[in-house]
Amino acid sequence: MGRGSCWLLLLGALLFVWIAPLLTPWEENPQILQPARAQAAWVYVWLALFTWLPFQASALGHRLRCEGMLEHLQAGGTGKLSQCLQLSCAIFVWMLTVVAIAALVCLTITAPKRAEEAQMWMVLILQYGFIFSLCAAPLLLLAVALGTRTAEVIAFMVPVGLLFIGLFGAAWLGPILGGAKSGLLNSLWLALPHYHLADLTPRLVFKMGPLPMTDFMGTSLVLALQGAAISLFGICLFRTRS
Amino acid sequence: MNSSPLLHIPGGTRFGYRAGLPWKRRSQCLVETTRDITAGPGLHLLVAPNGSGKTTLLRTLAGLSPTLHGQVKTGARVHYFADELRTDPEMKPSTFFRAWFKGESLQTAEKLAETLRLNLKCPIGKLSRGNRQKVLLIHAEVKAGLSPQSVLLMDEPLTGLDAETREQVTHLWATAGGTAMRLVIMHELECVRQADSLLTIAGGQLKHATERTGESWMNTYQTLQQ
């Protein structure tokens with residue numbers, strides 16, 4: 001992992017939150033600046049999940065496998081599963097740090113003044129952080145595992161592709177597949193990743209409050225099951241042979 | 001040096017690899033043992049011609065590849081070291097050792113680096129092949145000291161080292177004592193004065209000599225190859 005780029009990622013989060021909202025016509029309505037900062041903070045988190053995080057995950061897996069470090073550890077008694085989880089945790093730390101920065105920005109700079117609103121805001125932020133992590137962690141594990149098996153480009157593109165389909169593709173495919181009478185198309189719709197459920201940015205921007213508990217549990221369950229399937233797939237792919 | 005065996009290869013064990021597609025995979029045997037081979041703590045040399053299956057054998061002993069037939073038993077923690085140190089080229093040896101060791105072990109690593117005249121401040125990517133091998137050798141030696149018993153499997157660790165350092169390292173291995181077993185693939189037999197046994201592959205068979213025949217281990221090797 002490029003040590004310098006780790007710190008640049010975190011510095012970039014703060015700069016993005018500061019600069020991006022200033023590019024809007026905020027002078028006409030200064031009130032939009034606050035939600036815009038919250039939006040910028042979470043957009044940056046999603047951007048990191050589309051770029052830096054899977055890139056580092058795939059590069060880490062690929063490099064350590066090529067260097068023979070994974071073999072060395074395996075011969076020393078560290079199992080494949082343990083190695084896969086430890087490598088993934090090295091990336092999770094940075095993912096969680098970016099989430100923590102976004103949450104911190106939302107809870108300090110952009111938090112509403114009224115106590116009742118502030119409390120709802122805080123619950124929403126915690127929900128967002130949790131749901132985002134549920135969505136990001138399995139994808140990063142998959143990137144690490146693929147990195148140990150294939151070229152870095154493929155290991156990077158597969159999780160990013162899944163994220164893209166789950167975040168944007170579902171909106172286009174939903175009306176076609178979700179409402180279809182064909183069982184096959186319906187099954188396909190169910191099998192698609194549903195990362196759009198993890199994007200709570202509109203709720204932040206329009207101050208819609210936290211997700212009702214039943215919706216939150218349902219979303220978490222869907223993302224957890226999906227994540228479990230992706231993680232299992234990733235663990236199966238993990239390879240130590242250099 | 002005699003004590004409980006740390007490595008046991010039963011007779012009839014076959015080493016090699018499987019090639020081809022999963023549904024028509026065929027086994028390619030490179031090395032076979034005709035009798036039981038055991039090795040305890042000490043220095044054991046594995047010397048054989050290029051392409052005879054030394055690395056495949058070592059990888060199988062490390063548990064990284066399966067045997068084609070039979071089962072190898074190791075009675076201690078196994079540490080496998082490939083032929084070259086491949087790690088972050090920007091990392092300095094001092095950082096590398098700090099990542100692996102702490103306290104007394106770290107001090108031992110630093111002391112060994114001083115003995116072998118290794119610059120701890122120069123990034124690994126800028127070190128010569130020989131100096132990179134020194135990092136690997138120090139890593140191996142300190143790791144061996146961390147476990148009560150360990151099996152060090154090293155693939156040509158002396159490659160690239162100057163004659164003086166080779167002498168130093170082989171002397172270190174021979175006098176280290178302790179409970180570690182070192183099985184070392186090497187071609188530089190002339191620098192080894194003291195070893196506990198020699199293994200070689202001749203005609204696809206793994207042969208083991210526990211005593212030196214003739215004046216040097218080179219004579220033993222030549223005898224086994226005949």
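Helices and strands in this tour are DSSP runs, numbered from the N terminus, a helix having at least four residues and a strand at least two. The structure on the screen is a predicted model.

**First stop: a loop of chain B**

Select Glu156(B), which sits in the loop between β8 (150–155) and α5 (163–176) of chain B. The phi angle of Glu156(B) is near 45°, a positive value in a residue other than glycine. Is Glu156(B) buried or exposed? Glu156(B) has 20 other C-beta atoms within 10 Å, and therefore it is buried, since the cut-off for that class is 20 or more.

**Second stop: another loop of chain B**

Arg117(B) counts as exposed because it has 12 C-beta neighbours inside 10 Å.

**Third stop: where the chains touch**

Select helix α6 (residues 115–147) and helix α7 (residues 152–178) of chain A, whose axes lie 8 Å apart and which pack at an angle of about 155°. Because of that angle, α6(A) is roughly antiparallel to α7(A); the class requires an angle over 145 degrees. The crossing of α6(A) with α7(A) is right-handed. To view the contact, highlight residues of α6(A) including Leu139(A), Leu142(A) and Leu146(A), together with residues of α7(A) including Ile154(A), Phe156(A) and Leu162(A). By class, this contact of α6(A) with α7(A) has eleven nonpolar, one polar and one charged residues.

**Last stop: the nonpolar cores**

The largest nonpolar core has 64 residues; among the members that touch the most others are Ala41(A), Val98(A) and Leu140(A). Elements of chain A that give two or more residues to this core include α1 (3–19), α2 (33–50) and α5 (80–108). Which helix gives the most to this core? It is α6(A), with 18 residues. Now centre the view on Ala41(A): leaving aside residues up to four places away in sequence, Ala41(A) touches Val17(A), Ala102(A), Val105(A) and Cys106(A). Finally, select Phe15(B), Val31(B), Tyr80(B) and Leu183(B), which are among the 59 residues of a second, separate core.

Definitions and conventions
Residues numbered from 1 in each chain as written. Chains lettered and ligands numbered in written order. Predicted model: local features only at pLDDT ≥ 70, side-chain atom pairs only at ≥ 80, totals over all residues. Axes fitted to C-alpha atoms, helices over the stretch in contact; angles between N-to-C directions. Parallel < 35°, antiparallel > 145°, perpendicular 65-115°, else oblique. Left-handed = near helix turned anticlockwise from the far one by under 90°. Contact = placed C-beta atoms within 7 Å. Nonpolar A, V, L, I, M, F, W, Y, C, P; charged D, E, K, R; others polar. Core = buried A, V, L, I, M, F, W, Y, C linked by C-beta atoms within 7 Å.
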